[in-house]
Amino acid sequence: MTLPKINLSPVVRVTIGLIALLIGWLLLLDLLVGISPNQNQVEQDSRKRISENLAINSSILVQTQDYRNLKKLLEQTTLRDKLILSAAVRLKNKAIVAQTANHDKFWNPTETLSTMDFVHVGLNANGKPWGDLEIAFKPTGTAGGLMGWLKNPSIISLLLVALGSLVLYFLYLKKIFSYLDPSSVIPDRVRVAFDSFSEGVMMIDRTGRVVLANKILRSWVDEKDAKIFGQSIKHLSWLTSSLEKNSDNHPWMQAMASQEPILGLPLDIKKSSGDLIKSIINCSPIQDTGGNVRGCLITFDDVTKMHQLNNELKTTNDELKKSRLDLDRQNDELRKLATRDPMTNCLNRRAFFESAEKIFTRSIASKASLCCIMADIDFFKRFNDNYGHAVGDKVIISVAKIMFSGLRMEDLFCRYGGEEFCILLPGASIEVAMKLAERLRKEIESNAGSSLRSEELLKVTSSFGVSAANSKTSSLLELIDQADKALYRSKENGRNQVSNFDVLAKVN
C-alpha cells in the first residue's frame, strides 16, 4: 500500500524545522543544567510527606487505642489522596487492627524495606515499638496513563512552547517568504508578455524552483495548484506524474546538465479531474554571459485537439480498411459466383476458356507440352430417370470431387456440360495424361458409387478421351474437339475406358 504524498509549503517545512531545533535545544539544556524539576524526586518527596503525616496521626490514635477512629482516618486519607490505593496498621505479631478495603489485594511488597509503591512506617507506643503503618501507593510511572503524562508540568510547558512557536514562526516566515517570492522580482511587463503567449511557459532556476509560470499554464491546473511560484518543479505531481521518479532524469534537469536544448518531447499533464492534456514540451537552458547555467525555459504546446483529430482519423481509416476488406471479400464471392460452377465448384466454361486460351497460346509459342482430357459419366440419364435428379446431382458432385483431387495446382478443371468435364494439363505429355485419365477412371469406378448415401449401391463409371497439342493444332477448340472425339470412341467401344486421339488418328 502506497501512502499518499503530502506536499508541504516551504513556510510550513521551515516552521517545523525551527520548532524541532527549539525543542531539541530545550531538551539539551534540561539534560545539561536541569532547567525542569526532577519528577521522580518530586513524587518521592510527595509520598514521603503523605506517609509521615498519616503516621503521626495514626500514632496518636494508637496511644489511646482508638482503633475505630484509626480505621476512619485510613479510609478518609485513601479517599482524599488519589495516590493511595490502601492503608493498614499492623501489630508486631502481624495482626491487623485497622485497614481500608482491599488492602490484601493491593499490599504485595517484594522487598522488606520501603519502596516508592509500598511504604512501611514504624509506630511507637509509650516509647516502645508497637507496630507498622502500611501504605500501598499507585505504581510509579503508570499513574494516570497518557493523560497523567500529559498533565506533567514539564510536558505541558513543552507543548505550550511548541504551539506558541508554531503560530509565531508561521506568521513571521509567511511574511518573510512573501518578500522572497521569486515571482515578485519579475517585472510586470515581462509577466504580461509571457501571459500573452498562446502556449504554456514556465521558467525554473538551476535548483528546479519555479520562477515564472504564465497564465495559460496556470489555467491548465486547479486554482489551488495555480500558485506554483517558489515551489520545486519535482513536487508538481500534475506535471511529473508521467515522468520517472528520479527527478535528475526529468528533461529540464537534463537540458541544464547537458547545456543543450531538448525539443519535441511528448508529455501528458494530468489534471485533478482526471483529464489529460497532451502536450509537446521544449526545454532550453538559460545561460549568463559567462556561459553558466542559471535556469531553464520550458514551453508547453497543447496538442490535445490534434491528438483527438488523429485518433478520429485513425478510427475513420480503420473503418475504411474494414469496409475495403468487406468489399474485397464480396468481390471475391462475386468473382467465385461468376467463374465457378455452383454445384461442383469447378470452373465454368467462360472462366475456363479465359484461362485456357492464355495457356494454349503460351504453350504453342514455347513449344511446351499441353494435353486435354474430356470425361463423361456413363449412362447418366438412367440415374435421373431411375432415382431422380437429386441422386443425379450427387453423382455429378461425387465424380467431380474425385477428379479434382487428382489434379495439380496448375491444371484447369471445368464442368463442360451437364455430366461432361474438361481438364487442361499444361506441361504434361500424352503418356502422363493417359496415366492420369486411367487412374481417375479407376477411382471413379471404385469410389464414386460407394460414396453416395443411397438405399441401393450404385455403380458409377466414366469414359475418357485424351488429346495432345502439336504444331498442327490450330486452336484450343481444336484440341478440345480432338479429346471429345476420343471420348466418343470410348463410348462406342463400351464405355468405362480411356481413348487416345493420336492412336485413333493413326488407325484412321
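**Close-up views of a predicted model**

View 1. P285 has C296 in β9 as its bridge partner. Helices (H or I, at least four residues) and strands (E, at least two) are DSSP runs, numbered from the N terminus. Two strands pair if DSSP finds at least two bridges between them. This is a predicted model, in which local features need pLDDT of at least 70 and side-chain atom pairs count only at pLDDT 80 or more, while totals for chains, interfaces and linings use all residues. Residues are numbered from 1 along each chain as its sequence is written, and side-chain values use heavy atoms, with hydrogens and water left out. β8 and strand β9 (residues 293-302) run antiparallel, joined by nine bridges. They form a hairpin with five residues between them. In the turn, G291 has a positive phi of about 85 degrees.

**View 2. The five-strand sheet.** The strand order of this open sheet is β6-β5-β9-β8-β7, with antiparallel pairing. β6 (210-213) and β7 are the edge strands, and each pairs on one side only. Direction ignored, neighbouring strands of this sheet are turned by 25 degrees against each other on average. Axes are lines fitted to C-alpha atoms, for helices over the stretch in contact, and angles run from 0 to 180 degrees between N-to-C directions. Helix α11 (residues 251-258) packs on the sheet and touches β5, β7, β8 and β9. The direction of α11 makes about 20 degrees with that of β8. Contact means heavy atoms within 4.5 Å.

**View 3. Two strand pairs of that sheet.** Seven bridges link strand β7 (residues 262-270) with strand β8 (residues 276-287) in the antiparallel sense. Here P266 stands opposite I280 in β8. Strand β5 (residues 200-205) pairs with β6 over three bridges, also in the antiparallel sense. I204 has V210 in β6 as its bridge partner.

**View 4. S232 in its loop.** S232 lies in the loop between α9 (223-226) and α10 (237-240). Its relative accessible area is 18%, so S232 is buried. Buried means under 20% relative accessible area, exposed over 50%, and partly exposed in between (1.4 Å probe, protein chains only). Neighbours within four places in sequence aside, S232 is in contact with G208 and R209. S232 and G208 are 24 residues apart along the chain, yet their C-alpha atoms are separated by 5.5 Å.

**View 5. Helices α14 and α15.** Helix α14 (residues 380-387) and helix α15 (residues 389-405) have axes that come within 7 Å and cross at roughly 145 degrees. From α14, F380, F383, N384 and Y387 meet H389, V391, G392, V395 and I396 of α15. This contact has six nonpolar, three polar and no charged residues. Ala, Val, Leu, Ile, Met, Phe, Trp, Tyr, Cys and Pro count as nonpolar, Asp, Glu, Lys and Arg as charged, and the others, Gly among them, as polar.

**View 6. The cover of α15.** Helix α15 has 17 residues and reaches 24 Å from its first C-alpha to its last. That is close to the 24 Å expected at 1.5 Å a residue. The expected span of a helix is 1.5 Å times one less than its number of residues. The buried residues of α15 are V391, G392, V395, I396, S398, V399, A400, I402 and M403. An α-helix has 3.6 residues a turn, so residues three or four places apart point the same way. The cover over the buried residues of α15 includes β10 (370-377), α14, β11 (412-415), β12 (420-426), α16 (430-448) and β13 (462-468).

View 7. Eight antiparallel bridges pair β3 with strand β4 (residues 128-137). G122 has D132 in β4 as its bridge partner. W130 is also in strand β4. W130 counts as buried because its relative accessibility is 17%. Residues up to four places away in sequence not counted, W130 touches V62, Y67, V89, L91, K92, V97, L123, N124 and A125. W130 and R90 are 40 residues apart in sequence and 8.9 Å apart in space, C-alpha to C-alpha.

**View 8. The whole chain.** The chain holds 18 helices and 14 strands. Of its 508 residues, 36% are buried. The chain exposes about 31400 Å², and carbon and sulfur atoms supply 56% of that area. Accessible areas come from the Shrake-Rupley method with a 1.4 Å probe; for residues, only the protein chains shown count as cover. Among contacts between residues at least 6 apart in sequence, 57% join residues at least 24 apart.
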